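Here is a short briefing to read beside the model. Keep the sequence and the 3D view open as you go.

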Amino acid sequence: MSTEHALHRPILAWYEANNRDLPWREPGCPAWHILISEIMLQQTPVSRVLPIWQEWVERWPTPADMAKEPPGEVIRAWGRLGYPRRALRLHAAAQAIVEQHGGEVPSDHAELLALPGIGSYTAAAVASFAFGQRHAVLDTNVRRVFARTVTGVEYPPPALTAAETRLATELLPEEDDRAARWAVAVMELGALVCTARSPKCVDCPVSDQCAWRLAGSPPHSGPARKGQAWAGTDRQIRGALMAALRASREPLSHPQLVIQVPDSALREPGQRSRCLAGLIEDGLVEPLPGDQYQLPA
């Protein structure tokens, strides 16, 4: 594709006029703070992330500040953002940054990717948003925008494909700073306009060249998209157990812990025990002698 693709100018202009004022997008925002935001924003809306992110960057302004803490304190501070293994990954990344990079978040994409718990999306996002580099940043919002505008389908495949990565790379502007701006602009368009359930095509800056819209907005023909159930799931049970441990500064006995999950919340016998065992295996809960439990020390 050409250096200046037809999508570039209208999407970048739309972003300049409509982007949200988010603190991790401020000029000069430290790379560590951007890394924290990227981990928190995975599967969690901005409105829930903002107050927790602000608390974290004030409490742990550098990787060294977090690396000194026991992982249990980081998990406690994670609160109810969900998927608390992300907190463990951030703590492990902070330690690696201190031990391997002198306390500074590396700018090299390969070195970012080598940090504990940092996947291809996060490495590309930090390299792009913190260091202004040229990388294909593919989150769910970006994939959906490209699926509709270029590929002509309502939703992208369930898992990222090589074809999507190739397309995103081909669509990147050549200049580093413009490519970095493009990455966040497409992401914002997907978050605010080209949404999953109710796309606001009338507000879209590229509706006149959107392949999906020009084809008549055909409905999704792939596998059914499943919503995320909550009541009675392992996620709910694990969340209740973690909430009890976060709220206590002292270890909890097994009866004190499991009472947090009433029988009425369970879908099957043994669910509490299975969830507790899973939390221990994931490193989120530390078993102690005497059948007691705490956040990892």
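In helix H6, the buried residues are covered by elements that include helix H2 (31-40), helix H3 (46-59), helix H4 (63-67) and helix H5 (71-78). This is a predicted model.

**Helix H6**
- H6 covers residues 85-101, which is 17 residues.
- At 1.5 Å a residue it should span 24 Å, and its end C-alpha atoms are 23 Å apart, so the two values agree.
- The buried residues of H6 are Arg86, Ala87, Leu88, Leu90, His91, Ala93, Ala94, Ala96 and Ile97.
- An α-helix has 3.6 residues a turn, so residues three or four places apart point the same way.
- Glycine 102 follows H6, and its phi is positive, near 60°.

**Nonpolar cores**
- The largest nonpolar core has 52 residues.
- Within this core, Trp32, Met40, Trp56 and Leu90 touch the most other members.
- At least two core residues come from each of H2, H3, H4, H5, H6, helix H8 (120-129), helix H13 (234-247) and helix H15 (271-281).
- H2 gives the largest share, seven residues.
- Tryptophan 56 touches Ile36, Met40, Pro61, Met66, Val74, Ala77, Trp78, Ala87 and Leu90, with residues up to four places away in sequence not counted.
- Of these contacts of tryptophan 56, Ala87 and Leu90 are among the buried residues of H6.
- A second, separate core holds 29 residues, including Trp14, Tyr121, Leu171 and Ala183.

**Helix H11 and its contact with H1**
- H11 has 17 residues and reaches 25 Å from its first C-alpha to its last, close to the 24 Å expected at 1.5 Å a residue.
- Buried in H11 are Ala179, Ala180, Trp182, Ala183, Val184, Ala185, Val186, Met187, Glu188, Leu189 and Gly190.
- These buried residues pack against H1, H8, helix H9 (140-151) and helix H10 (162-171).
- Two packed helices are described by the angle between their axes and the distance between the axes.
- Helix H1 (residues 8-18) and helix H11 (residues 176-192) pack at an angle of about 70°, and their axes are 9 Å apart.
- H1 and H11 are therefore roughly perpendicular to each other, as angles of 65 to 115 degrees count as such.
- On the H1 side, the contact is made by His8, Arg9, Ile11, Leu12, Trp14, Tyr15, Glu16 and Asn18.
- On the H11 side, it is made by Arg178, Arg181, Trp182, Val184, Ala185, Val186, Glu188, Leu189 and Leu192.
- The residues of the contact of H1 with H11 are 10 nonpolar, two polar and five charged.

- Arginine 238 is in helix H13.
- Beyond its neighbours within four places in sequence, arginine 238 is in contact with Arg85, Cys275, Gly278, Leu279, Asp282 and Leu284.
- Arginine 238 and leucine 41 are 197 residues apart along the chain, and their C-alpha atoms are separated by 20 Å.
- Cysteine 275 is in helix H15.
- Is cysteine 275 buried or exposed? Its relative accessibility is 2%, so it counts as buried, the cut-off being under 20%.
- Cysteine 275 touches Asp234, Ile237, Arg238 and Leu241, leaving out residues up to four places away in sequence.
- Aspartate 234 is 41 residues from cysteine 275 along the chain, yet their C-alpha atoms are separated by 6.3 Å.

**Loop residues**
- Most residues other than glycine have a negative phi.
- Glutamine 43 is not a glycine but has a positive phi of about 65°.
- Glutamine 43 sits in the loop between H2 and H3, and it is exposed, with a relative accessible area of 58%.
- Aspartate 291 also has a positive phi, near 60°, in a residue other than glycine.
- Aspartate 291 lies in the loop between strand E2 (286-288) and strand E3 (292-294).
- With a relative accessible area of 43%, aspartate 291 is partly exposed.
- Aspartate 21 is in the loop between H1 and H2, and it is exposed, at 66% relative accessible area.
- The C-alpha atoms of aspartate 21 and aspartate 176 are separated by 22 Å, and the two residues are 155 residues apart along the chain.

Note on methods. Residues are numbered from 1 along each chain as its sequence is written. This is a predicted model: local features need pLDDT of at least 70, side-chain atom pairs count only at pLDDT 80 or more; totals for chains, interfaces and linings use all residues. Side-chain values use heavy atoms; hydrogens and water are left out. Helices (H or I, at least four residues) and strands (E, at least two) are DSSP runs, numbered from the N terminus. The expected span of a helix is 1.5 Å times one less than its number of residues. Buried means under 20% relative accessible area, exposed over 50%, partly exposed in between (1.4 Å probe, protein chains only). Contact means heavy atoms within 4.5 Å. Axes are lines fitted to C-alpha atoms, for helices over the stretch in contact, and angles run from 0 to 180 degrees between N-to-C directions. Angles under 35 degrees count as roughly parallel, over 145 as roughly antiparallel, 65 to 115 as roughly perpendicular and the rest as oblique. Ala, Val, Leu, Ile, Met, Phe, Trp, Tyr, Cys and Pro count as nonpolar, Asp, Glu, Lys and Arg as charged, and the others, Gly among them, as polar. A nonpolar core is a set of buried Ala, Val, Leu, Ile, Met, Phe, Trp, Tyr and Cys residues joined through side-chain atoms within 4.5 Å.
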